[in-house]
Amino acid sequence: MSNDCYDALIDVVERRRSVRKFEPGKAVSRETLLKIANAGRWAPSGANVQPWDFLVIDDPDMRDRVIEVFLRQAERLKEFAKGFPAVYKRYLNNTVAIVIVLGDPRWALSFPHGTTPESEAEYAANNDNIFYSSLGAAIQNIQLAVTACGLTSAWLSGGGENTTNRELSEVLGYPPFLTACGTVPIGYPVKEIERRFRRPLEQVVHFNSYQADQFRPDELVNFHHEHIRPFTMYRTQENIAEWDDAEEKFGDWLAAYTGRITNPGGELP
Ligand SMILES: Cc1cc2nc3c(=O)[nH]c(=O)nc-3n(C[C@H](O)[C@H](O)[C@H](O)COP(=O)(O)O)c2cc1C
């Protein structure tokens, strides 16, 4: 069996990057934007309700008004966003388009529901998962299509907060109960960013049963949060063993970032 199809797919999947710096003075055709939106349309969704709309902003004046909303958002939230990339999102000025994926929570009506309080409670807790996973699938498809069309993008969760969403809805004219679950700025990259950190394949895969020595203990989660997070978001190497300062940064945790085992004792909470 030929692997051509897999090779083409994985090439796009691996090259999809979050880019926060775009070349100025570029443009994109509506035809390309529709190809990108079409990929989003083909995403799977719970009960096939397709609880999304794709607001594609390619008009510079409208884009500027959207950017103003994001600047105000950054002003309000900057002190909570320390360590996160490009909080002010000034790079939005150089986008050729911005796609806002709107989620419509009313469609959760068509997800599984119970007929008794007990069965409904059991189902209801999972409805949010179904809703947000569906939107994530659409956003992912859009980002992949952007890459396949020779452009690049980011995936911004900022915009879904109440105040920002309300301001966006006023600028863009959608009812505010729809939420801007994902904003995808699109542009031409200033430079190609080929790779970012990914956990090793043998660490994330568990065949047939959960491997307790691949569990990540609380100490590791906390260590990551306190010391590592920005580096794994920004640095452009996949494999931490290749970082010049790997030993200094990771100390005793280095093996937990570079090999299969993250929990040598195999003890689970
Ligand atoms: C649900 C979700 C929310 C994200 N929110 C933001 C965001 O608000 N701002 C941002 O710059 N990047 C955001 N990102 C991008 C991640 O930071 C990025 O995917 C990650 O650092 C890995 O880098 P890569 O996409 O280049 O592989 C988000 C990604 C996902 C999947």
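Me: How near do the axes of helix H2 (residues 30-41) and helix H4 (residues 117-148) come, and at what angle do they cross?

Reply: They come within 7 Å and cross at roughly 145°. The axes are lines fitted to C-alpha atoms over the stretch in contact, with angles from 0 to 180 degrees between N-to-C directions. The model is predicted: local features need pLDDT of at least 70, side-chain atom pairs count only at 80 or more, and totals for chains, interfaces and linings use all residues. Residues are numbered from 1 along each chain as its sequence is written.

Me: Which residues meet where H2 and H4 are in contact?

Reply: In H2 they are Lys 35, Ile 36, Ala 39 and Gly 40. In H4 they are Ala 138, Asn 141, Ile 142, Leu 144, Ala 145 and Val 146. Contact means C-beta atoms, placed from the backbone, within 7 Å.

Me: What classes make up the contact of H2 with H4?

Reply: Seven nonpolar, two polar and one charged. Asp, Glu, Lys and Arg count as charged; Ala, Val, Leu, Ile, Met, Phe, Trp, Tyr, Cys and Pro as nonpolar; the others, Gly among them, as polar. So Lys 35 falls in the charged class.

Me: Helix H1 (residues 4-15) and H4 pack at an angle of about 100°, with their axes 9 Å apart. Why is H1 called roughly perpendicular to H4?

Reply: Angles of 65 to 115 degrees count as roughly perpendicular, under 35 as roughly parallel, over 145 as roughly antiparallel, and the rest as oblique. The angle of about 100° therefore makes H1 roughly perpendicular to H4. Val 12, Val 13 and Arg 15 in H1 meet Leu 144, Thr 147 and Ala 148 in H4. This contact has four nonpolar, one polar and one charged residues.

Me: The axes of helix H3 (residues 60-77) and helix H5 (residues 162-172) come within 10 Å and cross at roughly 165°. What makes H3 roughly antiparallel to H5?

Reply: The crossing angle of roughly 165° makes H3 roughly antiparallel to H5. Arg 65, Val 66, Val 69, Arg 72, Gln 73 and Arg 76 in H3 meet Thr 163, Thr 164, Glu 167, Leu 168 and Val 171 in H5. These divide into four nonpolar, three polar and four charged.

Me: What makes a residue count as near the ligand, and which come nearest?

Reply: Its C-beta atom, placed from the backbone, must lie within 6 Å. Eleven residues are around the ligand, and Arg 17, Ser 18, Leu 156, Ser 157 and Arg 196 come nearest. By class the shell has five nonpolar, three polar and three charged residues.

Me: How many helices and strands does the protein chain have, and where are its domains?

Reply: Nine helices and four strands. Helices are DSSP runs (H or I) of at least four residues, and strands (E) of at least two, numbered from the N terminus. The elements run α-α-β-α-β-α-β-α-β-α-α-α-α from the N terminus on. Domain 1 is 3-187 and domain 2 is 201-258, with bounds from an automatic or database assignment. Their C-alpha centres lie 28 Å apart.

Key:
Two residues are in contact if their C-beta atoms, placed from the backbone, lie within 7 Å.
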